[in-house]
Amino acid sequence: MRVKVKSDYFRPCVARMTGYTPGAQPPGPVYAKLNANESPYPPSPKVLEALRATAGDALRLYPDAMATELRARIAAYHGLAVQQVLVGNGSDDLLTMILRSFVGPGDLVVAPHPTYPLYEVLVEIQDAVMRWVDFPPDFSLPSDIVQPGAKVTFVCNPNSPSGTWTDPAAIADLAARVQGILVVDEAYVDFAEGNCLDLLGRFPNVIVLRSFSKSFSLCGVRLGYGLASEEIIRGLVKVKDSYNVNRFAQVAGIAALDDVAYMRVNVARIRSERERLAAALRGMGLFVFPSQANFVSVVCQEPTPRQFAAELARDGILVRTFGDPRLRDWLRISVGTPEQNSRVLAGIERTLGTLPQEEGDNDASP
Ligand SMILES: Cc1ncc(COP(=O)(O)O)c(C=O)c1O
């Protein structure tokens with residue numbers, strides 16, 4: 001029997017929300033899951049060994065609430081103080097802590113559009129105001145991204161879903177001009193040509209976010225971290241869930257940092273396949289953003305992204321289309337193994353082949 005729940009139990013801002021739609025996680029096996037920017041390669045064998053060793057009696061006990069050893073390892077990896085590091089249940093958890101800490105009802109939060117849609121969901125939970133500022137066609141930082149009174153400004157670099165790269169010098173300039181906190185979301189930065197770590201010593205309002213999900217192949221353990229001044233980290237700690245990083249995630253992170261060389265090999269393979277994929281798609285007449293991430297995004301009207309996705313799905317390949325009407329023409333493909341990417345290209349070519357001849361030359365731009 002179902003009881004009826006009155007919608008006014010919810011805070012009005014929650015009742016109004018639709019929530020975040022993650023990339024589909026199908027229950028059954030697929031040939032290639034290229035819809036959520038996961039790695040096609042397994043985690044380091046050292047990580048798997050550490051996880052197996054953790055599956056024992058110690059699971060009776062809560063994990064270290066401050067993940068001291070892991071934070072020390074992350075700090076050493078980046079040459080920072082341990083007090084400048086906070087870990088979370090994915091970097092999504094850090095985003096939640098940031099919104100809880102700095103943003104209240106009616107406050108303004110700014111981000112370029114399009115970018116990671118979770119930012120807006122977290123702003124809605126706070127009953128705050130999300131102001132999107134459109135990227136210009138070249139995807140450089142929008143000139144009006146500095147908005148008076150913004151409590152938090154987000155820049156995702158490389159950006160998702162475009163994969164485009166903003167020069168760290170432009171982000172440093174932004175850090176000097178925004179009034180509130182500047183969050184530099186570097187979930188994909190290991191696939192890029194630089195990073196914004198050096199902003200941390202220069203600007204007290206900068207928080208850099210990193211993730212073990214993508215380059216370290218650890219989406220499934222949920223582990224990310226934030227880097228900032230000691231003062232900011234101290235404040236974020238106050239609002240974090242008490243045991244926000246479980247024992248498995250803590251040992252996985254430590255073991256992953258014991259084997260950074262393994263991650264770098266995978267990153268190099270993905271970068272080289274990214275370039276092959278992008279060049280081949282461009283060779284078919286498609287518009288492809290220059291990507292510094294582990295995915296490529298295509299913009300096309302005909303065939304539609306959904307037609308491409310349906311053809312690829314017939315071959316067991318999942319790619320990402322978007323519900324946001326402004327991203328109707330976008331198709332995002334995570335970089336897979338060379339074999340997977342070749343099958344993606346074959347599926348794209350087949351879909352293009354279904355077009356009448358004169359419409360086959362599709363050079364749509366965003
Ligand atoms: C831009 C961006 N930031 C953060 C995240 C969250 O990563 P995590 O798995 O560390 O929570 C994602 C996940 O896809 C992302 O695309």
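Leaving aside neighbours within four places in sequence, arginine 247 is in contact with Thr54, Ala58, Leu59 and Pro63, two residues being in contact if their C-beta atoms, placed from the backbone, lie within 7 Å. The structure is a predicted model, in which local features need pLDDT of at least 70, side-chain atom pairs count only at pLDDT 80 or more, and totals for chains, interfaces and linings use all residues. Residues are numbered from 1 along each chain as its sequence is written.

Arginine 247 lies in helix α8, which spans residues 247-257. Helices (H or I, at least four residues) and strands (E, at least two) are DSSP runs, numbered from the N terminus. With 19 other C-beta atoms within 10 Å, arginine 247 is partly exposed; a residue is buried if 20 or more other C-beta atoms lie within 10 Å of its own, exposed if 12 or fewer, and partly exposed in between. The C-alpha atom of arginine 247 is separated by 38 Å from that of alanine 176, 71 residues apart along the chain.

The chain as a whole comprises eleven helices and twelve strands, and 44% of its 366 residues count as buried. Of the contacts in the chain with a separation of 6 or more, 73% are accounted for by residues 24 or more positions apart. The C-alpha atoms fill a box of roughly 60 × 60 × 50 Å, taken along the principal axes.

Around the ligand there are 13 residues, of which Gly90, Ser91, Ser211, Ser213 and Gly224 come nearest; a residue is near a molecule if its C-beta atom, placed from the backbone, lies within 6 Å of it.
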